[in-house]
Amino acid sequence: MTLINVRMICVALLFCSEFATSNDEAFEIETLADGLDYPWAVTFISDNEMLVTELSGNLRRVSNGILNPTPIAGVPEVLFAGQGGLSEVTLDPSFADNGLLYLSFSAPAVDQPKLNQLNVIQARLEGNRLVDHKTIFKSDPPRKTAAHYGARLAFLDDGTLLITSGDGFNYREQAQALDNHFGKILRLNTDGSIPQDNPFTKNPDALPEIWSYGHRNLQGLVVADDGTVYEHEHGPQGGDELNRVLPGKNYGWPAITYGVDYSGAMISPFTEQPGMEQPIKYWDPSIAPSGMIMYRGDMFPQWQGNLLISALVPGDVRRLEIQGNKIIMEENSVHSVWQTSQCCGCSRWQFNTGYRRRRRQVDKSERQEVGTVRASLRHCCN
Ligand SMILES: [Ca+2]
């Protein structure tokens, strides 16, 4: 029996039985919500309620396992094209007191409607609507492409916000320059102002909001309990990366890479150069990493501090054990999920949403089919 056949049978069994196993655990997979249109990110506003972004532009609420049919009002209009749309939703560290949350999305540039930008807003959730909107970031310069936005958000312990901003696909060389937002992680205060202790504030040639650079399409961002920042990014073919990110550092794209262009063309002959950081892991073949969490639940104590990374190819979840600066174990037997997020301390350990983009533009009916069949939220327990 070929490996492919074994794999297909395993996947079929998972769908039939709703059970799955990892190296040392068995757990049940339960669909929590269905019928979502390109779900992209999920966050918990209580033990029983979560918010889910749909790339097509709606923010949805799931309460006690039931998808509210009415989208949350007050979400800005987004550019739903290519890889763009409504992307991340992240809660303010004081959300329980102030109701603030943050959204990232692509939208046309105000005075140049043929161009677009990655936007980040702050807003307050009041009932089933957003109020008190405040734009805190717009990527600059605007781009022609609707690809490689990054668009992940995460808070550091000091209350500042990290924003990932991808290289826009056509602008990869700009990832090495410090005068633009392509291929960067930015660090801002929640009112959009720039922290004085950012790494380039004293460099007159650099944008002071830049925190790290030389990235491609940053789709996963996690801040560990000890403050360590992990970021993963879609690389070229054979070059997806997991990085441990430090302020002011250059992560090399496109000057160094382990991958080649999907056309087969060489991007760079170099995999390392002085002054450029190495990934702590790269994937060859590519896995197309989408979401990432750090496990902090009680249910699987042996997984504490592990990274869970969802992979669009082949469509599974990787569990990585980290020791210092090294990955000492990678397991990929958690199947059929795409994006990951995490509940806030309740018994659930993992929720997943996702979408699978097709290479060609799909019509509405096909998009709905993708959303219905593949975009479910799953609840795993033992
Ligand atoms: Ca790199």
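**Exercise 1. In which loop is A288 found?**

Solution. This is a predicted model, in which local features need pLDDT of at least 70, side-chain atom pairs count only at pLDDT 80 or more, and totals for chains, interfaces and linings use all residues. Residues are numbered from 1 along each chain as its sequence is written.

Step 1. Strands (E, at least two residues) and helices (H or I, at least four) are DSSP runs that are numbered from the N terminus. With these elements as landmarks, A288 is found in the loop between β18 and β19, the latter covering residues 289-294.

Step 2. A residue is buried if 20 or more other C-beta atoms lie within 10 Å of its own, exposed if 12 or fewer do, and partly exposed in between, with the C-beta atoms placed from the backbone. A288 is buried, because 20 other C-beta atoms lie within 10 Å.

Step 3. The backbone of A288 has a phi near 55°, a positive value in a residue other than glycine. As background, most residues other than glycine have a negative phi, and most peptide bonds are trans.

**Exercise 2. Is F169 buried or partly exposed, and what is its phi?**

Solution. Step 1. F169 belongs to the loop between β12 (161-165) and β13 (184-188).

Step 2. F169 has 18 other C-beta atoms within 10 Å and is therefore partly exposed.

Step 3. Its phi is near 65°, which is positive in a residue other than glycine.

**Exercise 3. Locate the cis peptide bonds at P141 and P254.**

Solution. Step 1. D140 and P141 are joined by a cis peptide bond whose omega is about 0°, and P141 sits in the loop between β10 (129-138) and β11 (150-155).

Step 2. The peptide bond from W253 to P254 is also cis, with omega near -10°, and P254 sits in the loop between β17 (240-245) and β18 (281-283).

**Exercise 4. In what order do the strands of the open sheet that includes β15 stand, and which strands are at its edges?**

Solution. Step 1. Two strands pair if DSSP finds at least two bridges between them. The sheet is open and has 4 strands in the order β15-β16-β17-β18, with antiparallel pairing.

Step 2. β15 (217-223) and β18 stand at the edges with a single partner strand each, so one side of each has no neighbour in the sheet.

Step 3. From one strand to the next, the twist averages 20°, where axes are lines fitted to C-alpha atoms (for helices over the stretch in contact) and angles run from 0 to 180 degrees between N-to-C directions.

Step 4. Between β15 and β16 (residues 229-234) there are 6 bridges in the antiparallel sense, and V223 has V229 in β16 as its bridge partner.

**Exercise 5. Describe the open sheet that includes β3.**

Solution. Step 1. Its 4 strands follow the order β3-β4-β5-β6 and pair in an antiparallel way.

Step 2. The edge strands are β3 (39-44) and β6 (66-67), each of which pairs on one side only.

Step 3. β3 and β4 (residues 49-54) run antiparallel and are joined by 5 bridges; in β4, E54 is the bridge partner of P39.

**Exercise 6. What do β20 and β21 form, and how many residues of β21 are buried?**

Solution. Step 1. β20 and β21 form a hairpin with 4 residues between them, and G315 in the turn has a positive phi of about 100°.

Step 2. The two strands run antiparallel, with 5 bridges joining β20 (residues 307-311) to β21, and A311 stands opposite D316 in β21.

Step 3. In β21 (residues 316-323), 6 of the 8 residues are buried, so this strand is largely enclosed by the rest of the structure.

**Exercise 7. Which residues does L79 touch, not counting residues up to four places away in sequence?**

Solution. Step 1. L79 lies in the loop between β6 and β7 (86-91), and it counts as partly exposed because it has 19 C-beta neighbours inside 10 Å.

Step 2. Two residues are in contact if their C-beta atoms, placed from the backbone, lie within 7 Å. With that exclusion, L79 touches G84, S106, A107, P108, N116 and A146.

Step 3. One of these, P108, is 29 residues from L79 in sequence, while their C-alpha atoms are 6.5 Å apart in space.
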